[in-house]
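Please examine the sequence and the structure before reading on.

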Amino acid sequence: MASNPDDVYVGTALLGATLRERRELAGLSRKKVAAMSGVGYDTLFSIETGRRLPNLGTLLRLAHALDTTPRDLLTNVFPWDDVPRPLD
């Protein structure tokens with residue numbers, strides 16, 4: 001995963017920016033997404049501003065509220081194009 005603390009900081013900031021962008025494109029307020037996902041407003045604010053990294057459960061709830069997938073939210077954080085995919 002991340003090789004140093006700077007990588008973690010950059011990844012956290014990128015995830016937050018992606019989440020905020022998706023929310024804004026959907027025309028949703030933080031308050032609305034917090035209510036839809038069950039994630040606290042302050043937690044959502046901290047994630048969007050890069051101050052906090054969500055756990056898997058929180059990421060799943062936020063992705064569902066934004067009608068997307070965790071993978072889509074993480075695309076800018078971790079480039080999935082080079083990861084081998086299992087055969088269908």
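The protein exposes about 6,100 Å² of surface, and carbon and sulfur atoms supply 55% of that area. The model discussed here is a predicted one. Of the 88 residues in the protein, 31% are buried.

**Overall architecture**

The protein contains 5 helices and 0 strands. Along the sequence, the pattern reads α-α-α-α-α. Contacts between residues at least 6 apart in sequence can be sorted by their separation: 55% of them join residues at least 24 apart.

**Two helix pairs that share α2**

Helix α2 covers residues 30–37 and packs with helix α4, residues 56–65. Helix α2 also packs with helix α3, which covers residues 41–48. The table sets out the geometry of the two pairs.

| Helix pair | Angle | Distance between axes | Handedness of crossing |
|---|---|---|---|
| α2 and α4 | about 115° | 9 Å | right-handed |
| α2 and α3 | about 115° | 9 Å | right-handed |

How are α2 and α4 oriented to each other? Angles of 65 to 115 degrees count as roughly perpendicular, and the two helices pack at about 115°; α2 and α4 are therefore roughly perpendicular to each other.

**Residues at the two contacts**

Which residues of α2 meet α4? On the α2 side they are Val33, Met36 and Ser37, and their partners in α4 are Arg61, Leu62 and Ala65. Sorted by class, this contact comprises 4 nonpolar residues, 1 polar residue and 1 charged residue.

The contact of α2 with α3 involves Arg30, Lys31, Val33 and Ala34 from α2, together with Tyr41, Leu44, Phe45 and Glu48 from α3. Here the division is 5 nonpolar, no polar and 3 charged residues. Val33 of α2 takes part in the contact with α4 and also in the contact with α3.

**A glycine in helix α1**

Glycine 11 lies in helix α1, which spans residues 5–25. Is this glycine buried or exposed? Residues under 20% relative accessible area are classed as buried; glycine 11 has a relative accessibility of 13% and therefore counts as buried. Glycine 11 and valine 77 are 66 residues apart in sequence, yet their C-alpha atoms are 5.2 Å apart in space.

Note on methods
Residues numbered from 1 in each chain as written. Predicted model: local features only at pLDDT ≥ 70, side-chain atom pairs only at ≥ 80, totals over all residues. Heavy atoms only, no water. Axes fitted to C-alpha atoms, helices over the stretch in contact; angles between N-to-C directions. Helix = DSSP H or I, 4+ residues; strand = E, 2+ residues; numbered from the N terminus. Parallel < 35°, antiparallel > 145°, perpendicular 65-115°, else oblique. Left-handed = near helix turned anticlockwise from the far one by under 90°. Contact = heavy atoms within 4.5 Å. Nonpolar A, V, L, I, M, F, W, Y, C, P; charged D, E, K, R; others polar. Buried < 20%, exposed > 50% of the residue type's maximum accessible area, 1.4 Å probe, protein only. Areas by Shrake-Rupley, 256 points an atom, 1.4 Å probe, with all protein chains shown as cover.
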